[in-house]
Amino acid sequence: MSEFKFKALVVEEVQENIFKRSIKEIIYEGLSEEEVLIKVEYSALNYKDALSARGHKGITRKYPHIPGVDAAGIIEETKGNKFTAGEKVFVTGYDLGMNTDGGFSEFIKVPEGWVIRTPQNFTSRDLMIYGTAGFTAGIAIYEMQRNEITPDKGKILVTGATGGVGCLAIAMLTKAGYYVVASTGKPDKKDFLMRIGAKEVISREDVNDSSGKALLKKQWVGAIDNVGGNTLNTVIRSMEHRGVVASIGLVQSDKIESTVYPFILRGIRLIGIDSAESPMDYRLKIWNKIFNEWRINSHEDLVKECSLFELDKEINLILNGGQTGKVIVKIESEK
Ligand SMILES: NC(=O)c1ccc[n+]([C@@H]2O[C@H](COP(=O)([O-])OP(=O)(O)OC[C@H]3O[C@@H](n4cnc5c(N)ncnc54)[C@H](OP(=O)(O)O)[C@@H]3O)[C@@H](O)[C@H]2O)c1
């Protein structure tokens, strides 16, 4: 295909560690072997995208850069043999939006091995409502189930409940039949959390114990933690015997202090969740469950849609911990 120009949200390092983001025109210069060009219809905003968009060398080593770890759209051109032009596809994770230009763009160029076909009964928009957040929540549910945490066993705690991963975890766990307790720092979002499936809503402070006790009252048979720090430390000490904790995020802190007692006296299991580098066969297993038994009934309550041009303020909001629900980005291309 001949050269053409398209628009994207570009982050530049204007001075050392000073970053600026703006919508810019990019020149498309063709594909390498086994790459595909995808015309992006929808992307999604994740906490990691916001860090990359603010300038974060732990996530994105080199700038200028286009963030966006998620993209769904249509194959425009291919130099591989897995897909044909016109097919509906999506990508989450791998290096997309980290050191490979990402989904906040009219087009992305990626290895075909990262790409998954969108099922017939899903649109690109549906797909991005899940995106990395839903996929990550799906891994956590899958790992709980593999460790015998079935709905009859007890309550599941979700921390950082109003965030992207939190909301999708609540809705998907509910669909899978679990009793979900949501922990939030936004007391005014209680009704919202109950509408998407939570049976109880507790305060962030209820999961922030500073007593120093090695073990706390047993409360949760499973937990999905998006927060890290003392919240995760509190969760670990509050698990039922043989409970499973999925460690996903670090918005509070990347540090955890714990003793071995919850592990050796209660046999709790702490499972790390890495969505980005999940192997393709594992990915397909999780997505298949999302497309079927964990497919949430109504999305719209938890979705906020914006355009590429409105993304800047949504990035600031997620960085301040102020987002509620899942932000999806509609990409309108002129080509
Ligand atoms: N492991 C993986 O593969 C993977 C994949 C996706 C995301 N993640 C990580 O998971 C975390 C959540 O991602 P996200 O995209 O859902 O982010 P998000 O939309 O910003 O959600 C994070 C939520 O955490 C709560 N929160 C914010 N600041 C907090 C603080 N200082 N202390 C306690 N709670 C706080 C807020 O919920 P409330 O106000 O309701 O408490 C916020 O909405 C991030 O750390 C992200 O990097 C990891």
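How far apart are the end C-alpha atoms of helix H7, and what should its 12 residues span?

**Entry 1: ground rules**

I'm looking at a predicted model, where local features need pLDDT of at least 70, side-chain atom pairs count only at pLDDT 80 or more, and totals for chains, interfaces and linings use all residues. Residues are numbered from 1 along each chain as its sequence is written, and side-chain values use heavy atoms, with hydrogens and water left out.

**Entry 2: helix H7**

Back to my opening question. H7 covers residues 280-291, and at 1.5 Å a residue it should span 16 Å; the end C-alpha atoms are 16 Å apart, which agrees. I noted that the expected span is 1.5 Å times one less than the number of residues. Helices (H or I, at least four residues) and strands (E, at least two) are DSSP runs, numbered from the N terminus.

Next I looked up what is buried, meaning under 20% relative accessible area, with exposed over 50% and partly exposed in between (1.4 Å probe, protein chains only). In H7 the buried residues are Tyr282, Arg283, Ile286, Trp287, Lys289, Ile290 and Phe291. They pack against strand S5 (88-92), strand S7 (116-117), helix H2 (124-146) and H3; contact here means heavy atoms within 4.5 Å.

**Entry 3: helix H3 and the cysteines**

The buried residues of H3 are Gly166, Cys167, Leu168, Ala169, Ile170, Ala171, Met172 and Leu173. Just after H3, I found Gly177 with a positive phi of about 95 degrees.

For Cys167, the nearest cysteine sulfur belongs to Cys306 and is 16 Å away. Cys167 is buried at 0% relative accessible area, and Cys306 counts as buried at 5%.

**Entry 4: salt bridges**

I searched the whole structure and got 16 salt bridges; each is a side-chain nitrogen of Lys or Arg within 4 Å of a carboxyl oxygen of Asp or Glu.

- Glu12 and Lys24 meet at 3.2 Å, N to O. Glu12 sits in strand S1 (residues 4-15) and Lys24 in strand S2 (residues 18-28), so the pair ties together parts 12 residues apart in sequence. Glu12 is buried at 19%, while Lys24 is partly exposed at 34%.
- Arg146 pairs with Glu143, with the closest N and O atoms 3.1 Å apart. They are 3 residues apart in helix H2, which means a separation of about one helical turn. Arg146 is partly exposed at 48%, but Glu143 is buried at 10%.
- Arg242 pairs with Glu148, with the closest N and O atoms 3.5 Å apart. Arg242 is in strand S12 (residues 239-247) and Glu148 in the loop between H2 and strand S8 (155-158), so this pair ties together parts 94 residues apart in sequence. Arg242 is partly exposed at 41%, and Glu148 is partly exposed at 42%.
- Salt bridges with shared partners join Arg125, Glu300 and Glu305 into one network.

**Entry 5: a surface patch**

Which residues make the nonpolar surface patch of about 410 Å²? I found Val260, Tyr261, Ile264 and Leu265. Leu265 is in helix H6 (residues 261-266). Patch residues have over 30% relative accessible area and no salt bridge; like charges are joined within 9 Å, nonpolar side chains (Val, Leu, Ile, Met, Phe, Trp, Tyr) within 5 Å. Accessible areas come from the Shrake-Rupley method with a 1.4 Å probe, and for residues only the protein chains shown count as cover.

Notes: A disulfide is a pair of cysteine sulfur atoms within 2.5 Å.
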